[in-house]
Amino acid sequence: MKKKLLLLLPFLLLAGCKAREKPDIVVTSFVSYDAVTNIVGDKLKVKNIVPWGSELHDFEPTPRDIEDINNAKLFVYTHPALETWVKDLVTNKNSFDMSIHSDVEYACKVKKQEHHDHEHDHDHTLHYWTDPHIYIRVMNDLLTVLIDISPANETYFTENHNNYTARLLATSNDFRDFLFPPLEKPPLFFAGHNALGYFAAAYKLTIKTISESYKPDVDFLSQEIIDFMYEIKTFDSHYLFIEELVEPRVANLIKNELAKENYAITLLELHGYHNITAAQAKEGITYADIFAQNVANIKQAFGG
């Protein structure tokens, strides 16, 4: 028996090594994973440490995650205010903070607008990626860094980047054409955590929420819901937007209450790109796919 175990030991060790194949690049979110993989394709191994379908804001890495991060050729994360653990745990000098590569002047403009519009600003200004043009600017800088760590793939990376960003721009241009001429559009009613300030600013849209301090498990005061339903009817809107990966408990409550008044509304998703489900990840759903779906849903709400 001992001889058999000794003979098997090298094979077991090799199997263990294969199972622990270390990633070339480690990322911390769907948006960072999407940006990287749509450039590198299958040329580099990319690991997203945030499980599919989980909440981005409350994520904490495991010791193995930190080991992979610090040993990777590149570490890509979204924002130090989201990944607060980076400062204390990450020693990898080749780290790419996506938020630094967004347009600071534009970000400040949106932040000032949000502070003016809302007394409690919450964390809307963290979600720069909801504006596809900012996302493209980040990808432009990311391309340079990825070429630096794998110069032999420069042509391949550049072609992937150009094709993907062209797709994003095509969707954006189509949406802007739909919104032109810039007539006053009714607000989009959103029963969720409004992280779409950058997106709304980019396309001059108004997104109305029940409360700016919305959380999925919050119990709204009845008056807040009554006021929100009154606004929906005032604008004769028959669409209510919901966020991704959250049970639309409040949205269904509003829908049912309005149905009692013979006022029908349809629920549509307005995705904030925080994360996707495991099934969507298996299907290869991308930021570009979600952006196109968001545009399609808004067009439907506007009667397009």
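Before you click anything, one definition: buried means under 20% relative accessible area, exposed means over 50%, and partly exposed is in between, using a 1.4 Å probe and protein chains only. This is a predicted model, where local features need pLDDT of at least 70 and side-chain atom pairs count only at pLDDT 80 or more, while totals for chains, interfaces and linings use all residues. Residues are numbered from 1 along each chain as its sequence is written, and side-chain values use heavy atoms, with hydrogens and water left out.

**Whole chain**

Start with the cartoon view. You have twelve helices and eight strands in the protein chain; helices (H or I, at least four residues) and strands (E, at least two) are DSSP runs, numbered from the N terminus. Of the 304 residues, 47% are buried.

**Exposed loops**

Select Asp236, in the loop between helix 9 (222–234) and strand 7 (239–242). With 52% relative accessibility, Asp236 counts as exposed. Check its backbone too: Asp236 has a positive phi of about 50° although it is not a glycine. Next is Asn262, in the loop between helix 10 (249–259) and strand 8 (266–269). Asn262 also has a positive phi, about 60°, and is not a glycine; at 75% relative accessibility it counts as exposed. Most residues other than glycine have a negative phi, and most peptide bonds are trans. For a peptide bond that is cis, go to the one from Phe180 to Pro181, with omega near 0°. Pro181 sits in the loop between helix 7 and strand 5 (188–190).

**Helix 6 and helix 7**

Now show helix 6 (residues 132–149) and helix 7 (residues 154–179): their axes come within 10 Å and cross at roughly 180°. Axes here are lines fitted to C-alpha atoms, for helices over the stretch in contact, and angles run from 0 to 180 degrees between N-to-C directions. Contact means heavy atoms within 4.5 Å.

**A buried methionine**

Jump to Met98, in the loop between strand 4 (95–97) and helix 5 (104–117). At 0% relative accessibility, Met98 counts as buried. Leaving aside neighbours within four places in sequence, its contacts include Val31, Ala35, Tyr77, Tyr128 and Tyr135. Draw a distance from Met98 to Val31: their C-alpha atoms are 9.6 Å apart, although 67 residues separate them along the chain.

**Rings**

Finally, colour the aromatics; the whole structure has 13 aromatic pairs. Rings of Phe, Tyr and Trp (its six-membered ring) pair if their centres lie within 6.5 Å; planes under 30 degrees apart count as stacked, over 60 as edge-to-face and the rest as tilted. Tyr33 and Trp52 are edge-to-face, 5.3 Å centre to centre with 80° between the planes. Tyr33 is partly exposed at 26% relative accessibility, and Trp52 is partly exposed at 29%. Phe175 and Tyr203 have ring centres 4.9 Å apart and planes at 55°, so that pair is tilted. Phe175 belongs to helix 7 and Tyr203 to helix 8 (residues 197–203), 28 residues apart. Phe175 counts as buried at 0% relative accessibility, as does Tyr203 at 5%. Last stop: Phe59, Phe75, Tyr77 and Trp85, which ring pairs link into a cluster.
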